[in-house]
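Please work through each task before reading its solution.

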Amino acid sequence: MDIENVREPTVPARELATICVLAIVAGAVIGVVGGAFRWCLERLERWRIHTAEWAHELPGPGWLVPVGITILGALLAALIVRMVPLASGSGIQHVEAVDRGQAEPPPLSVLPSRFVGALLSIGSGLVLGREGPIVHMGAAVGAETARCARRPEHERLLQTSVSGAGLAVAFNAPIGGALFVFEEVTGSFRFRTVVPVVLSVAAAVVCSRTIVGDTPDFAVDPIAPPSIVLLPVFVVFGLLTGLLGAAYNRMVLGSLSVVESVRSLSPVMKAAIIGGLVGLLSVVAPWAGGGGDSLVQHVVSGGALALPVVAWYVLLRFVAGPLSYAAGTPGGLFAPLLALGALWGLLCAGICTAIVPGIGSSLAVPMAIAGMAALFGASVRAPITGVVLVVEMTAATGVTVPMLAATICAVVVAYSTRVPPIYDSLRDRMFDTPPDRG
């Protein structure tokens, strides 16, 4: 990662002032849009869970109702992608490609298509994250703000800066959103980028919190820092998580390749079939579908789950996340990664408790929280962003040291497997894979 060079050309005061104003305006817009998106998604999630419970009480094959909802949502979202192909998938890889000069900034049409398409795909039960669509919507807002101000020279800078504001809104994590730009998108800390990123993030979070509130995403009871004696346990856990992260990246890419290899079906039909499969999984295991926020909240609040059930959910979401992403509908990878990491941490804590005398059940929540950051780091290779995001989402500062140890170990192991970071691979696929027209 590049740090600002003292010989970097000085930005003229007038130009800097213009960039700052545009960043604040664009940040405020994505704050409102992203906050509204999150508000709608929360209501859709509650409605989906309520509908599933209601359908189970119906006589006959009531389970067909939630399956039909997921099929319909995936199908409609795929139709939107057919009209606006740039709305497919996460969108973060496109933001990175634009920053590197490999692609043009997104048009404003990305905003409504991702807003509606992601509500349909995630809200109907596909295992996708809200962050990808909001990040890409933020990039589109930033680029459009530069166009409206007739400042084409700032178009790429603002699309990159406001994408960080989108991530901050998605997880109510302002510092994590800013670090995401520096560590993952640009790979550098430069004055010309830092100023608009910080301003757009601040404006976005202020506006979004008027809609979704200013509390952390997950309510976690105060956690005492785990004993230093347990640090080796977190180190070993991190090493294993690195292997899981590399395997997850391969699973995502493998699922994309398998689905794209089926040329006899249109992308819309493929999405509908995947929606049906994921819908069936959700019938068997209700927490197997959706972004996973309810599941993470249950885990980090100390909710009880039998060890075989945890293992079952780890397996289901390990498969359902990549399968859902292969549908090509709008949706990201971060939130499902965090949910899988929490489950993985809970599973490993349960195994440790069973085989190592004296550890006790107090390891469960700290290891679940550490698992969220470690798996994120192993897959994305942005360890600092992952740790800060999880700390901001849980306000669990007592787990910071073991979380750092687990995350760094996970990243080192993931690098040693030579499996590329997930967004590097997805960015490469943008230019290597011809469009699938069925």
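A salt bridge is a side-chain nitrogen of Lys or Arg within 4 Å of a carboxyl oxygen of Asp or Glu. The structure is a predicted model, in which local features need pLDDT of at least 70 and side-chain atom pairs count only at pLDDT 80 or more, while totals for chains, interfaces and linings use all residues. Residues are numbered from 1 along each chain as its sequence is written, and side-chain values use heavy atoms, with hydrogens and water left out.

**Exercise 1. Determine where the salt-bridge partners R48 and E45 lie, and whether each is buried or exposed.**

Step 1. The side chains of R48 and E45 form a salt bridge, with N and O 2.9 Å apart.

Step 2. Both R48 and E45 belong to helix α1, residues 13–56, and three residues, about one turn of the helix, separate them. Helices (H or I, at least four residues) are DSSP runs, numbered from the N terminus.

Step 3. Buried means under 20% relative accessible area, exposed over 50%, and partly exposed in between, with a 1.4 Å probe and protein chains only. R48, at 11%, is therefore buried, and E45, at 18%, is buried as well.

**Exercise 2. Describe the salt bridge between R130 and D293, and state which network contains this pair.**

Step 1. The side chains of R130 and D293 meet at 2.7 Å, N to O.

Step 2. This pair links distant parts of the chain: R130 is in the loop between α4 (110–123) and α5 (131–148), whereas D293 is in helix α11 (residues 293–300), 163 residues apart.

Step 3. R130 is buried at 6% relative accessible area, while D293 is partly exposed at 31%.

Step 4. A further salt bridge joins E155 and R147, whose closest N and O atoms are 2.8 Å apart.

Step 5. Leaving aside residues up to four places away in sequence, R38 touches several residues (contact means heavy atoms within 4.5 Å), including R130 and D217.

Step 6. The whole structure contains 13 salt bridges.

**Exercise 3. State how many residues of helix α7 are buried, and compare its span with the expected one.**

Step 1. Helix α7 covers residues 174–185, 12 residues in number.

Step 2. From first C-alpha to last, α7 reaches 16 Å, close to the 16 Å expected at 1.5 Å a residue; the expected span is 1.5 Å times one less than the number of residues.

Step 3. Of the 12 residues of α7, 10 are buried, so the helix is largely enclosed by the rest of the structure. Among the buried residues are G176, F180 and V185.

Step 4. After α7 comes G187, which has a positive phi near 65 degrees.

**Exercise 4. Identify which residues have the most contacts inside the largest nonpolar core.**

Step 1. A nonpolar core is a set of buried Ala, Val, Leu, Ile, Met, Phe, Trp, Tyr and Cys residues joined through side-chain atoms within 4.5 Å.

Step 2. The largest such core has 116 residues, and F334 and M403 have the most contacts inside it.

Step 3. With residues up to four places away in sequence not counted, F334 touches residues including F180, F376 and Y423.

Step 4. In soluble globular proteins, nonpolar side chains tend to be buried together.

Methods
Helix = DSSP H or I, 4+ residues; strand = E, 2+ residues; numbered from the N terminus.
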